[in-house]
Amino acid sequence: MKSFDIRTKIYFGEGALDRLSDLPYKKALIITDPFVAKSGLLQMITMRLHDAYTEFEVFSDVVPDAPIEKISLGVKKMLEYDPDCVITVGGGSAIDSAKSIREFASRSTGRHVALIAIPTTSGTGSEVTSFAVVSDPEKDIKYPLVSDSMLPTEAILDAALVKSVPANVTADTGMDVLTHAIEAYVSINNNEFSAALAEKAIEICGTFLLRSYLDNNDEHARRKMHVASCLAGLAFNSASLGLNHGIAHALGGKFHIPHGRANAMLLPHVIEYNSGINKHSKSQKEYPKCVEKYVNVAKLLGVNNFNEITTIRALVGWMQFMMKEMNIPISISQIGNIDKTEYFNAIDSMADKALADACTATNPRVPTKPEVVQILEHLYE
Ligand SMILES: [Fe+2]
């Protein structure tokens, strides 16, 4: 038996942020990062809270990758302030931090407080998922936390908040959306509901990701990518992810490559690996089942070729084209600041971490350690 539900109420479209003007909560803790706190974005939130007569305090100690020590500070703040609602504004790290802070605080008090997630990037889909990734910088490791109790109560998708996102962040986060949708689509846990959501997210990425990267004033493209991010989040919340994210967590934990960028760099390699298209000895009938799914992905992106295998090769080429257009390095050596010896010395431990990562469990092909090592080796050049 399977089940599917969307517990988070989603407000979207023009003026979605006005939901805050009639918020039914009296005391809100806003969890955000220092950039949002100093920018006009925070004011867009607080002016509406004044309208709703909701008092608030701001916790703005969030930093990238949600390190454990900052989560504990946030829990302390939440226990002291005792709000009836948490509002989180920011990218994946802010939303993941808020989900973890609320989770640990409510475990301590036994009281479940509402959580309203307002993303300021179009990437993680964290506003509708029960996942949060926190990091332990001392051990160079990222931990995915998974619990339905971490699902936000409400998500507000207002593209006005992504207006000032720099182009490189649009590129990285947009490729993260695409990776979420593709991994959910080929996951062994995929189902008709997650597939429908993933397909729409992939289709939107194919049409609007490059547009939103090339022209920050393209409001239509930005709005579409904001919705695609949420659709992909809903898809992987149901179907989970795969090896791409498993390796990206290990790679990002060790070398601090932005999450979406690490995913983008790995995507061509993981598609080739999962579909087995580099094994020339196989007859076409022997290719794994996910080949069909990757062909569908290619078609949704407007990529087609003579047969299944050439279509997947064209799909890999499309990924590399997108990365080149959006100035994303296609190899570790292209990043320029990662020492080759240090990278190769870290491969063994990154492979172990990738195999132990919860996301890897739903990959369509069960990876062995030598196979993951080989992907990481190929990623260098
Ligand atoms: Fe991701």
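This is a predicted model: local features need pLDDT of at least 70, side-chain atom pairs count only at pLDDT 80 or more; totals for chains, interfaces and linings use all residues.
As for burial, 51% of the 381 residues count as buried. The chain holds 14 helices and eight strands. Its radius of gyration comes out at 20 Å, close to the 21 Å that the globule rule gives for 381 residues, so the chain is as compact as a globular protein of that length. Along the principal axes, the C-alpha atoms fill a box of roughly 70 × 45 × 40 Å.

Next comes the sheet. Six strands make up an open sheet, in the order E1-E8-E5-E4-E2-E3, and the pairing is parallel. Strand E1 (9-12) and strand E3 (55-59) sit at the edges, each pairing on one side only. With direction ignored, neighbouring strands of this sheet are turned by 20° against each other on average.

Within that order, E4 and E5 are neighbours. Strand E4 covers residues 85-90 and strand E5 residues 114-119; the two run parallel and are joined by six bridges. In this pairing, Gly 90 stands opposite Pro 119 in E5. Two helices pack on the sheet here. Helix H2 (residues 40-51) touches strand E2 (27-32), along with E3, E4 and E5, and its direction makes about 155° with that of E4. Helix H4 (residues 92-109) also packs on the sheet, touching E2, E4 and E5, with its direction at about 160° to that of E4.

Elsewhere in the chain, Ala 171 gives a residue-level view. This residue belongs to helix H5, which spans residues 167-186. Ala 171 counts as buried because 24 other C-beta atoms lie within 10 Å, where 20 or more are needed. Leaving out residues up to four places away in sequence, Ala 171 touches Tyr 213, Met 326, Asn 327 and Ile 328.

Methods: Residues are numbered from 1 along each chain as its sequence is written. Helices (H or I, at least four residues) and strands (E, at least two) are DSSP runs, numbered from the N terminus. A residue is buried if 20 or more other C-beta atoms lie within 10 Å of its own, exposed if 12 or fewer, and partly exposed in between; C-beta atoms are placed from the backbone. Two residues are in contact if their C-beta atoms, placed from the backbone, lie within 7 Å. Two strands pair if DSSP finds at least two bridges between them. Axes are lines fitted to C-alpha atoms, for helices over the stretch in contact, and angles run from 0 to 180 degrees between N-to-C directions. The radius of gyration is taken over C-alpha atoms; the globule rule is 2.2 Å times the number of residues to the power 0.38.
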